[in-house]
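Visitor: I am new to reading structures. Could you take me through this one, feature by feature?

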Amino acid sequence: MTNPRCKTWEHHLSRRHLLGAAAGATLGAAGLGGLLHPAVAGELKQKRKQVLFIWIDGGMSQLESWDPKPNTRFGGPFRAISTSVPGIQLSELLPQTARQMHHLAVVRSLHTQDNSHSAGVARIQRGDPKDRGVTYPYFGSAVARLLGPGNSGLPPYVWVKPGSGGFKHQDAGFLGPQYGALAFGDGQPPENLVKRNAVSDQDLEDRDRLRRSLNQRYAVGRPPRNSEANDYVFDVAQTLMQRRDLFDMESITARERDRYGRNDLGRDMLLGRRMLEAGVTFVKVNSYGWDTHGDNFNGHASLMPKFDQAFAAVIEDLHQRGMLDDVLVIAMSEFGRTPRINGHVGRDHWPEAWSLAMAGCGIQKGLVIGKTNDTGTFVDSEEHDIGHLFHTWFRALGIDPVKTEYNNDGQPLPIAHDDCHVIQEALI
Amino acid sequence: MMLDPQELGVVETDRQVHAARCSPCGQYLFAGGFEGEVRRWDLDGEDSPELQPLAGHHGWVQGLAFHPTEKRLFTADSWGELRCWDYAADEPAPCWIQESAHDGWIRCLAVSPDGKLVASCGRDRRVRNWSTVDGKPQYEYTGHEHDVYNLTFSPDGKFLVSGDDRGVVKKWNVLTAECESEFDASSLYAYHRIQDVGGVRVLALDAAGKTLAVGGGKPSRGGTVQAVPTVLLFDFATGELQHTLELGKPQDCYVHDLVLRPDNLVIAVTSGTPGNGQIIFQRPTDEEPLFRSNKLANCHSIALHPDGRRFVVVATNKGSNGNGRRLDADGNYIGNSSPLHWFELT
Amino acid sequence: MFRSLTCLWLFLTAATAVAETPLHVGIDALLEAQSDAPCSPCTDDASFVRRVYLDFAGRIPAANETAAFLADSDEHKRRQLVDSLLASDEFPRRLQQLLHVMFMERLGDHEDWQAFLLKAAQENKPWDQLVREILNPDPESPETRGAAFFYTKRLENYGQNPVDYPGLVRDVGRLFLGVDVQCAQCHDHLFVDEYKQVDFQGLFAFVGNTFIRRDVSFPAVGENPLTAELEFTSVFEQVPRQTGPRLPRGMSVAVPEFAKGEEYLTPPDKKNKTPGVLKFSTLKILAEQLPRAENELFTNNVVNRLWWTMMGRGLVEPLDLHHVDNPPSHPELLELLADEFVKHQFDIRWLLRELALTQTYQRGSAMPEGHAAASTIPDYRAAVERRLSAEQLARSVLTATGELDRLEPLTASFTAAFANTPRDPELEFVPSVKAALFVMNDDAFAECLEPREGNLTDQLIKTPDSGKVVDQALLAILSRPPTSEERDEFVEYIDGHADRAAAIQNVVWSLFASTEFCLNH
């Protein structure tokens, strides 16, 4: 009578132990414990891959960005402009990005399943896999798990966002809380980042040594998970204390801050780049306020240039620093916006035919994948769900999306939707 | 005159339009659309038949202005093109075209009272003047730092007034191109998250040139914009804010268009979250409107007929919004349209 | 297998003079019978005294309390300690905090709610009565009306968001019945066959008409009349169905018809905003039907949660996912607990006492020799390490430093550093970077380590013999003597340091920052 999709108590309980067993390997070095088929481990070690995931929350309009349909019924007021790649046009709201088009791959054939924010945000970021009765990790947690933290001492999954910071372990789903996101809010360092004057560097070192020694003794005979997880957060805390400079905007030249834009998104994109430079595996940069059900065109006329500036700057910088070949950059929302223009001169939620942009690590340069029909209402080529993108991204990062599986209490789980596949033309 | 407008009828359209204006001769109604078209109706004909449109623009046609005496219509689109038409011709052709009047979206046009100049403003932050005769550039008014949404001439022709997306309103000397003063309409602007919200949506001067009306909304949020529709009334000479008319709730959003009558009556239309539209008649000194109708959905434009009795309101079909896929019986994607509602003041 | 175990239990009860077998004996017998593998030995006195103080006093024992217990040679001293703690003033406060975190999940707090919980804990209010008072709070009773905060906090709306009624329905199901029906809101649950859409809708019919009363200054909930069965349609099937108020596994309550305006015994008063008195109050029916001995979900949920509280893992996991395809790890044990709890009139203190007296509770948390730590079987052969709440941590730190007088100002900063975010149940030990930075650099925490007249650090610094310093520090903070290896290491460190006071502070810090300190092991 047991429902195959529903786990028994054994699964639930043993999960913690397995996580515990895996925690040492994964949190310490770039381990692959808990994966059934670590066939790619050797490959991964060769070159360190990173991800910059730019999340445009609320839904960027594909028609005002990646897939313009100028002078058509639903095309809106804006023109299309030429880019650095002959034959490819973008909305005039992306002038600086257009000059970076030769680094980018634009997907215009997204066709996803959910048109609500509440479910859609999580569904997209979890890759919308088949329902197996488990909560899948967000892409950030998945990459943190699969690629590990590297040796930067920083957590593998960092979320740079407006508003509050903190540790968002819910992102991790069944992977377990340690794969959640460490969020930095409003460009601010976390609280209590500065060492107290009364504590000398030597004191700090002594304390750390004494604490470790106590923990080692305590861990004997006990499941290692608690001690290791606790050591890990202290390690991260210490690294962050040493890397306070990451948050010191004063140390950044005015020119550089201007290049990214003096707004939340510009600030966070710049901080995101610095996090990548510091070695963080997965950086999510989050912009809010794109749900333009009303006044969509003036809204995008105001919002898009801020995205354009920050996005073009980060692509250019990663390229100039020689990082782009190893950093996968993705810019996307939970869905696009309706072609139909409503009475509030807005556009509503539209998962049927929308776009995203990506660049870097393993991704083909200077092309458009898929197309929509003349009025932009539906996809007029093979449709691509988020599962196809997850396959493609994992492959771009050197992870075989078919052979690699999560091991959830002995329950093998695919890392991307089993009915989807890699978009070959997107890959180098 | 009683202020009790009676609806005369509706002219259905198969597409959305926004700005609508009646020709000074009273025979035609023009409306700019979303696909570069300028549509034309013969008001003298039975059932106001639609005539051949004025074709050739691109994108949105938001700027419409008439020559005061000649049968000339000036139109502007969101790709930066300005055109002059002999609007009464059977097959209208442009008299002249200024292809690159602006870089991109031209938001508004106005013709000087003497008919010599047509002024334009747009997203490129520029305010310019053109000869109505041949479209040659005349003056440029530099000073706005943001998208310029609207402009109008003073009745005496001495001043040009322009307003931008931050609520900055400038009063220009037409001939010297100097900014003589500013009106503070910054209450019509807010910065929410990373979005600039609001701005000056409409400007109007009364016939005597004493009162400047600035319409828009006091925004509380961006995205799905919420704003209290508002008209600010300034003394045009001193710049003093005399009245603030708040004409609805946050979901009513913006005053999109307004008329300031010689008796200082403000006639305004609003468009808010889908379905919310108002027609409002209000005296500046009154607390409450003399007339308010919220029967129409999302009113974007109002045009008085030269007869002084009739007016037309551009609204939107009901049920214009909705997430996700919605198809008609034939499986086609459904767009929206802009019914034109005719009224008469009795 | 279940059958034979049940027989064993029947045999046990029969053999030991019917019914008078204490529950704790029965529990141990059942667990022992199920496993051949060796168990961890009974934990030593030091671990036991720490564990039971944390559970029943909400703090670690003070150094003198530990020392007294270690020195006590009475063979019944464990039982005596359990009984004295349960009789102390500290137990009701601990139970109050436990219930608060369980019911509110850090959503918010209110003094009337705390007063209600404290009073309930002091009176050892039976669980069914406690739940009844929460589910249908009586605004006329000053002592219990704070119970309404369970509803009113969840009925608040934020910004433009509507009131989260589905969230309220979910919490009623999760916290009182152990069923999470949220995913059955719009259709039958996709992967829990037992959870049907009607389960969600039936619970919704009980609490979906509630609102926050604005006519009174204390938390109070009002009800609009339910005039018809709820209609609902699965998004999959599009077949319209109806239900009245209905508990999962229960029957739908008939909704009486009243003429318009006849729904009230006392009609609401618009002017004074009083809500009126309904003839058909769904909250009243909920409070009558849900907390009953015959309601297996209700009894299983509470004993499972109290078992989890004491043992660190539920017999059903997750705690809020009881259903037929997710059986308990030890079905007969869950049944025994539920039956006995009902027999003892839902006596919380009695059940906690019985659990504390089991060998299962008193085992060491290190795995038995020769058995790897990574066991995946929940067989209770070793004690499970448990997370400490922010409240337990704050009180424990100050107990160790001897500065409980500073508790008030410190509680908020401990809560900010160690509590989960709202709606996130505090079940597992989830160390965070935020908490680590708090321990490392926070001013308020650092002050606890600084010497002040009479506090722990002050006493340690004034103790000339470094060996004694280490003994005292470990007894105060870790509630145990040091191993000889530890003693040597710390002594060497203190004596080798140029600044003895700084060295002692570093030792104290490392003890507080250790994993051992921040767990109940």
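Guide: Gladly. Keep in mind that this is a predicted model. Let us begin with a pair of strands. In chain A, strand β5 (residues 157-161) and strand β8 (residues 282-287) pair in the parallel sense, over 4 bridges.

Visitor: Which residue of β8(A) does A:Val158 stand opposite?

Guide: A:Val158 faces A:Val283.

Visitor: In what order do the strands of the sheet run?

Guide: Read the order from one side to the other. In chain A it goes β6-β7-β5-β8-β1-β9-β12-β4-β13. That makes 9 strands in an open sheet, with mixed pairing. You can find β5 and β8 side by side in that order.

Visitor: Which are the edge strands?

Guide: Look for strands that pair on one side only. In chain A these are β6 (166-168) and β13 (367-369). Ignoring direction, neighbouring strands of this sheet are turned by 20° against each other on average.

Visitor: Let us turn to a helix. How many residues of helix α5 of chain A are buried?

Guide: Take the helix residue by residue. Helix α5 (residues 139-147) of chain A has 9 of its 9 residues buried, so the helix is mostly covered. Among them are A:Phe139, A:Val143, A:Arg145 and A:Leu147. Then look just past the end of α5(A). There A:Gly148 takes a positive phi of about 75°.

Visitor: Which backbone atoms does the side chain of C:Gln392 reach?

Guide: There are two to look at here. One is the backbone oxygen of C:Leu54, which the C:Gln392 side chain reaches at 3.0 Å. Another is the backbone nitrogen of C:Ser389, reached at 2.8 Å. Leaving out residues up to four places away in sequence, C:Gln392 touches C:Leu54, C:Gly58, C:Arg94 and C:Arg387.

Visitor: Next, salt bridges. How many does the structure hold?

Guide: Over all chains, the structure holds 96 salt bridges. For each one, read the distance and then the cover of both partners. Start with A:Asp67 and A:Lys69, whose closest N and O atoms are 3.9 Å apart.

Visitor: Are A:Asp67 and A:Lys69 buried or exposed?

Guide: A:Asp67 is buried, because its relative accessible area is 3%. A:Lys69 counts as buried too, at 13%.

Visitor: Which parts of chain C does the pair of C:Glu296 and C:Arg249 link?

Guide: First the distance. The closest N and O atoms of C:Glu296 and C:Arg249 are 3.2 Å apart. The pair links distant parts of the chain, 47 residues apart. C:Glu296 is in helix α13 (residues 296-311) of chain C. C:Arg249 is in the loop between β4 (240-243) and β5 (264-266) of chain C. C:Glu296 is partly exposed, at 47%. C:Arg249 is partly exposed at 45%.

Visitor: What about C:Arg292 and C:Glu294?

Guide: Their side chains meet in a salt bridge at 3.5 Å, N to O. C:Arg292 counts as partly exposed, at 40%. C:Glu294 is exposed, at 62%.

Visitor: Which residues of chain A are linked in a network of salt bridges?

Guide: The network links A:Glu256, A:Arg259, A:Arg273, A:Glu277, A:Glu316, A:Asp317 and A:Arg321.

Visitor: Last, the interface. How many residues of chain C are in contact with chain A?

Guide: Count both sides. 62 residues of chain C are in contact with 55 residues of chain A. Then take the area. The two chains bury about 5400 Å² between them, 57% of it on carbon and sulfur atoms.

Visitor: How many salt bridges does the rule find across the interface of chain C and chain A?

Guide: The rule finds 5. A:Arg196 and C:Glu450 meet in a salt bridge at 3.4 Å, N to O. Between chain C and chain A, 15 residue pairs are in polar contact.

Visitor: Which helix of chain C gives the largest share of the side that touches chain A?

Guide: That is α23(C), with 8 residues.

Methods:
Residues are numbered from 1 along each chain as its sequence is written. Chains are lettered from A and ligands numbered from 1 in the order in which they are written. This is a predicted model: local features need pLDDT of at least 70, side-chain atom pairs count only at pLDDT 80 or more; totals for chains, interfaces and linings use all residues. Side-chain values use heavy atoms; hydrogens and water are left out. A polar contact is a pair of N or O atoms within 3.5 Å; within protein, one must be able to donate a hydrogen and the other to accept it, and residues adjacent in sequence count only if both atoms are side-chain atoms. Contact means heavy atoms within 4.5 Å. Two strands pair if DSSP finds at least two bridges between them. Helices (H or I, at least four residues) and strands (E, at least two) are DSSP runs, numbered from the N terminus. Axes are lines fitted to C-alpha atoms, for helices over the stretch in contact, and angles run from 0 to 180 degrees between N-to-C directions. Buried area is the accessible area (1.4 Å probe) that two parts lose on being put together, summed over both. A salt bridge is a side-chain nitrogen of Lys or Arg within 4 Å of a carboxyl oxygen of Asp or Glu. Buried means under 20% relative accessible area, exposed over 50%, partly exposed in between (1.4 Å probe, protein chains only).
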